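Here is a short tour of a structure, written for someone who would like to know what to look at. Keep the sequence beside the picture and follow along.

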Amino acid sequence: MNTAITILIDGLSYASWLFIVALGLTLVFGVLKILNIAHGSFYALGAYAAASFVGWFATLKFAPEWSLVAMLFAAVAVAVLVAPLTERGLMRFFYGRDEVLLVLVTYALFLMLEDVTKLLWGANPYYVSEPYALFGNVEIGDQVYVGYDFMLMGMALAVGLTVWWGLNRTRHGKIVLAVIHSEEVAASMGVNVSRVYMLAFSVGIFLAAIGGAFTAPLISVQPGVSVGVIIVSFAVVIIGGLGSIEGAAIGALIVGLARSFAVHVMPEAELFSIYIVMALVLMVRPEGLFQRIQARKI
């Protein structure tokens, strides 16, 4: 019984931050029709920025609780600084081009951002320990779990509901949905499609950055963290269906629980457990759990 509870909690904790990152990836695809290989680099920038901001707040003698604010500021800073440079300075020149070319462009951007992080922060690992102890421990049965993991679960739920509400219950969200359905019709009705692209890309980067920022206390922030993240993020959106918020949530749960089960029951299968699950899903549903037409509606 304890093992089952541990698998469930570890799986939900892993799925929570992964959902936030994958949500940004699927949102960008839904609006811009771009499979963004560089998405993992934005996650890494968020993690590095969080390490810097938390350390800066500590030198200013802020209370440990302010480290959460520092991580949020780090994610906002990454989105504000990087999104305009990337979308306006690079991506807009390739809209409507061949999908293979777009993948190559984002892969080139990924390689460049990897070098940028090394130039800015070096090759030594960073550790963000202050926020991890803020929520204490939670006892469930005979086991003790870190409260920070439960905070991440609540945060993922809040982020998912906020994005869904923003898309389906606000004026700007309905404009985004109009562009998703048909950008030509939306443009003919006076919608500034270029501005919508910029907004969607910025939100996508922010989601990747905030995922990296709030994951920083769980990992060693070092070169290469972006590689594993983008791989599992693509697994999530492929399982759930490209462009679907619901699919990203279900895909993250499946990946998180599959990985947690492998870690606790069959450690030797951890490296490929996610891909086994992805292969099984695609054998039954090649388009993912949510069909393409549903994904375009987000």
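Is Lys61 buried or exposed? Lys61 counts as exposed because its relative accessibility is 73%, where exposed means over 50% relative accessible area, buried means under 20%, and partly exposed is in between (1.4 Å probe, protein chains only). You will find Lys61 in the loop between α2 and α3 (66–89). Its phi is near 65°, a positive value in a residue other than glycine.

Before going further, please note that this is a predicted model, in which local features need pLDDT of at least 70, side-chain atom pairs count only at pLDDT 80 or more, and totals for chains, interfaces and linings use all residues. Residues are numbered from 1 along each chain as its sequence is written, and side-chain values use heavy atoms, with hydrogens and water left out.

**The chain as a whole**

The protein chain holds twelve helices and two strands; these are DSSP runs numbered from the N terminus, with helices being H or I of at least four residues and strands being E of at least two. Along the sequence they follow the pattern α-α-α-α-β-β-α-α-α-α-α-α-α-α. The radius of gyration is 19 Å, close to the 19 Å that the globule rule gives for 298 residues, so the chain is as compact as a globular protein of that length. That radius is taken over C-alpha atoms, and the rule is 2.2 Å times the number of residues to the power 0.38. Along the principal axes, the C-alpha atoms fill a box of roughly 60 × 50 × 35 Å. Of the 298 residues, 48% count as buried. Among contacts with a separation of 6 or more, 77% are between residues 24 or more positions apart, a contact being heavy atoms within 4.5 Å.

Two packed helices are described by the angle between their axes and the distance between the axes. The axes are lines fitted to C-alpha atoms, for helices over the stretch in contact, and the angles run from 0 to 180 degrees between N-to-C directions. A crossing is left-handed if the near helix is turned anticlockwise from the far one by less than a right angle, and right-handed if clockwise.

| Helix pair | Angle | Axis distance | Crossing |
|---|---|---|---|
| α1 and α5 (147–169) | about 30° | 8 Å | left-handed |
| α9 (225–240) and α11 (270–284) | about 25° | 10 Å | left-handed |
| α10 (245–265) and α11 | roughly 145° | within 9 Å | right-handed |

Start with α1 and α5, which pack at an angle of about 30°. That makes α1 roughly parallel to α5; angles under 35 degrees count as roughly parallel, over 145 as roughly antiparallel, 65 to 115 as roughly perpendicular and the rest as oblique. On the α1 side, the contact includes Ile9, Leu12, Phe19 and Leu27, while α5 brings residues including Asp149, Phe150, Met153 and Val163. By class, this contact has 14 nonpolar, three polar and one charged residues. Here Ala, Val, Leu, Ile, Met, Phe, Trp, Tyr, Cys and Pro count as nonpolar, Asp, Glu, Lys and Arg as charged, and the others, Gly among them, as polar.

Next come α9 and α11, with an angle of about 25° between them. That makes α9 roughly parallel to α11. Ile231, Val232, Ala235, Ile238 and Ile239 of α9 meet Ile274, Tyr275, Val277, Met278, Val281 and Leu282 of α11. Those residues divide into eleven nonpolar, no polar and no charged.

Helix α11 also packs with α10, their axes crossing at roughly 145°. Among the residues making this contact are Ile254, Ala258 and Arg259 of α10, and Glu270, Ile274 and Val277 of α11. The classes are seven nonpolar, one polar and two charged.

Ile254 lies in α10 and, at 26% relative accessibility, counts as partly exposed. Leaving aside neighbours within four places in sequence, Ile254 is in contact with Ile239, Val277 and Leu289.

Pro286 sits in the loop between α11 and α12 (292–297) and counts as exposed at 61% relative accessibility. Pro286 and Ile239 are 47 residues apart in sequence, with their C-alpha atoms 8.8 Å apart in space.

Finally, Lys33 has its place in the loop between α1 (2–32) and α2 (39–59). Its phi is near 60°, a positive value in a residue other than glycine, and at 28% relative accessibility Lys33 counts as partly exposed.
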